[in-house]
Amino acid sequence: MAAAPAAPLAVAIMGPTASGKTAAALEIARHIPCEIISVDSALVYREMDIGTAKPTADELAGVPHHLIDILDPTEAYSAMQFRNDALRLAQDIHARGKLPLLVGGTMLYFKVLRDGLDDLPEADPEVRARLDEEAARDGVPAQHARLATLDPETAARLKPNDSQRIQRALEIIELTGKPMSALLTQKTAAALPFTLLPLALEPSDRAVLHERIARRFDLMLENDGLLDEVRKLRARGDLHLGLPSMRCVGYRQAWEHLDGQYDHAEMRERGIIATRQLAKRQITWLRSTPERVVIDFNAPDATQTVMAHVRKALEH
């Protein structure tokens, strides 16, 4: 009996913010025909370039990129939407004879890509609107108290002011008649149609990462770049801090500064601290992924090491 053909290769380049993922991907693209699938929940939004550290126009022109600038900031993008889009794109890229590179730091997206997602219903705009009205009228803590009677297990792990998650849990109960805690055990099967090589750019020295984060945030603030970007977003009149787009690190702090909640120096400090906290969460998630290949991004030959792993995987 003939052996089954090997599944095509896809490469994941993961890592905390400011770890050099984009640079590593672009280096691979210089040597190997490939296309980049962004794994970043902020890069999906148009009009948000500086605070998301979006690839430059030259970088975007140099190699095909996907899942960048696909949504207006008023819209939401779910992890399951990402999975469906990424699987379709990877298949298309393989059909073109190229290597898919999944590049980014939204770890939930990587997890859902690999493991699938719990069988939860899609959001319902009418239910959402009604829950928003209820929250405005009665307050989020009242919704949390109602959730505690309907799904005590979920309510116990949510803070009383976590409006987004509380309303999602109430929405699920209304749509399915079942508590979220019962549905979380029903996992969708997640067979990937490709062999995934997970490369993780991680710091051997956390202080170097912190320096990079501060330097990058200062570059975003240079010449009021980030603040001007947020001013334009505010001027649209249809955006607010309750939207997923405006909760992105950097944007929330700039928005609150422009609201007069604190001065420029405190805004900078808060932005850097929030980015460090994000990086810490990303590293914690990476360390719970035993199958990853760890590459020290502090090392001078980090990019060459990434290339060596990709070449070796392509040879097999």
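Student: In which helix does Thr-22 lie, and is Thr-22 buried or exposed, or in between?

Tutor: This is a predicted model, in which local features need pLDDT of at least 70, side-chain atom pairs count only at pLDDT 80 or more, and totals for chains, interfaces and linings use all residues. Residues are numbered from 1 along each chain as its sequence is written, and side-chain values use heavy atoms, with hydrogens and water left out. Thr-22 belongs to helix α1, a helix being a DSSP run (H or I, at least four residues; strands are E, at least two) numbered from the N terminus. Its relative accessible area is 32%, so Thr-22 is partly exposed, between buried (under 20%) and exposed (over 50%; 1.4 Å probe, protein chains only).

Student: Where does Thr-17 lie, and is Thr-17 buried or exposed?

Tutor: Thr-17 sits in the loop between β1 (9–14) and α1 (21–31). The unreviewed UniProt entry lists Thr-17 and Thr-22, among others, under "binding site"; such annotations may be inferred rather than shown by experiment, and positions follow the numbering used here, with feature names shortened. Because its relative accessibility is 9%, Thr-17 counts as buried.

Student: Which residues does Pro-198 contact, leaving aside its neighbours within four places in sequence?

Tutor: Pro-198 is in strand β5 (residues 195–202), and its relative accessible area of 11% makes it buried. Contact means heavy atoms within 4.5 Å. Leaving aside neighbours within four places in sequence, the contacts of Pro-198 are Ala-12, Met-14, Glu-291, Arg-292 and Val-293.
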